[in-house]
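Please read this report with the sequence and the model side by side, and look up each residue as it is named.

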Amino acid sequence: MKNKNPKIVVVTGASGGIGKAVKELFEKAGDTAVGLSRSDCGKEWIKCDVTNREEVDRAIDAVGKRFGRIDILINNAGIGISGALELTTDEDYKKVMATDVDGVFNVCRAAVKYIPRGGKIVNISSVCALFALPYRSLYCAAKAAVNMMSFGLRMELKQSGISVVTVCPGEIKTGFTAARIKNFETNARYGDSIERSARHIDEKEEKRMSCAKAAEKIYKIADRKKGAMYIVGVKYRALYFFSALVPKGSMLTATANLMIKRK
């Protein structure tokens, strides 16, 4: 059935994983989905590094001038990192913050002027923004920043009729884990706990939600929902509810016991 009201959609990080799958779902529905990524992501693609403000401005302006509007913006580009905060290099810190935080800022700032009333910004965050994890401190901080940026922007754009939605997926089977910056450097303070923690997470790869299923959920949220925040994954929604009922210190202790002390 032909889409009577096709939308103009922009997806960052669309060359693989969730971004690519969500882009394809919009295309299948008859919408025009433009991918912004550093490598080819198929039909309707603009090469763009979201950490580069000039590239972002040029790419967004190209979409805006060609189509006259951007109905849905999906900020999906991101990078993960693991390792002790103390032993994180300046280079890795800047790379993660530039991609996960500055990238969202750059794209949102450039795109807002092309988003009409009734339009939507969807920022893909993570459950790591909600639940702190040892040796994921920097990634958790970056995604928490995305959440706060999204909530503030939602309030700022309310009178303009633009909805800002934050999506926090849990563990998903994509290439994201393999591409994550892994720093196993340690010292007497941490011993082998850094590597054990990483192994604990990596061992769950086959048990994670499939990329296709996660993309379908995110597509439906981006296409139809207007709530402030959505958590993808039943167990994470339950954990989020539970975490509000217990003292923060108890929650952190339980998480540390699970992630670090597990042999």
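## Terms and basis

A residue is called buried when its relative accessible area is under 20%, exposed when that area is over 50%, and partly exposed in between, using a 1.4 Å probe and protein chains only. The model is a predicted one, in which local features need pLDDT of at least 70 and side-chain atom pairs count only at pLDDT 80 or more, while totals for chains, interfaces and linings use all residues. Residues are numbered from 1 along each chain as its sequence is written, and side-chain values use heavy atoms, with hydrogens and water left out.

Helices (H or I, at least four residues) and strands (E, at least two) are DSSP runs, numbered from the N terminus. Contact means that heavy atoms lie within 4.5 Å.

## The loop between E6 and H4

Is Arg136 buried or exposed? Arg136, which has its place in the loop between E6 and H4, counts as buried because its relative accessibility is 5%. When neighbours within four places in sequence are left aside, Arg136 is in contact with Ile81, Ser82, Gly83, Arg180, Ser197, Ala198 and Ile201.

Tyr135 is found in the loop between E6 and H4 as well, and with 11% relative accessibility Tyr135 counts as buried. Most residues other than glycine have a negative phi, whereas Tyr135, although not a glycine, has a positive phi of about 65°. Pro134 also lies in the loop between strand E6 (120-124) and H4, and its relative accessible area of 16% makes Pro134 buried. Not counting residues up to four places away in sequence, Pro134 touches Ser197, Thr255, Met259 and Ile260. Trp45 is 89 residues from Pro134 along the chain, and the C-alpha atoms of the two are separated by 37 Å.

Lys23 has its place in helix H1, and with a relative accessible area of 3% Lys23 is buried. Beyond residues up to four places away in sequence, Lys23 touches Val11, Ala14, Ala33, Val34, Gly35, Cys41, Lys43 and Glu44. Glu44, one of these contacts, is in the loop between E2 and strand E3 (45-47), and at 22% relative accessibility Glu44 counts as partly exposed. Glu44 has a positive phi of about 55°, although Glu44 is not a glycine.

Arg66 is found in helix H2, and Arg66 counts as exposed because its relative accessibility is 55%. From C-alpha to C-alpha, Arg66 and Ala132 are 42 Å apart in space, and they are 66 residues apart in sequence.

## How the helices pack

Axes are lines fitted to C-alpha atoms, for helices over the stretch in contact, and angles between N-to-C directions run from 0 to 180 degrees. Helix H1 (residues 17-28) packs with helix H7 (residues 211-224) at an angle of about 55°, and their axes are 9 Å apart. H1 is therefore oblique to H7, given that angles under 35 degrees count as roughly parallel, over 145 as roughly antiparallel, 65 to 115 as roughly perpendicular and the rest as oblique. Gly17, Ile18, Ala21, Val22, Leu25 and Phe26 in H1 meet Cys211, Ala215, Glu216, Ile218, Tyr219, Ala222 and Asp223 in H7.

H2 and H3 also pack with their axes 9 Å apart, at an angle of about 35°. The residues that make the contact are Arg53, Val56, Asp57 and Ile60 of H2, together with Asn106, Val107, Arg109, Ala110 and Ala111 of H3.

## The nonpolar cores

A nonpolar core is a set of buried Ala, Val, Leu, Ile, Met, Phe, Trp, Tyr and Cys residues joined through side-chain atoms within 4.5 Å. Which residues have the most contacts inside the largest nonpolar core? They are Val10, Ile60, Ile70, Leu73 and Ile121, in a core of 26 residues. Two or more residues of this core come from each of strand E1 (8-12), strand E2 (32-37), helix H2 (53-67), helix H3 (90-111) and helix H4 (137-157), and H3 gives the most, with five residues.

Val10 touches Val34, Leu36, Ile60, Val63, Ile70, Ile72, Leu73 and Ile74, not counting residues up to four places away in sequence. Apart from this core lies another, of 25 residues, including Ile18, Val22, Ala214 and Ala215.
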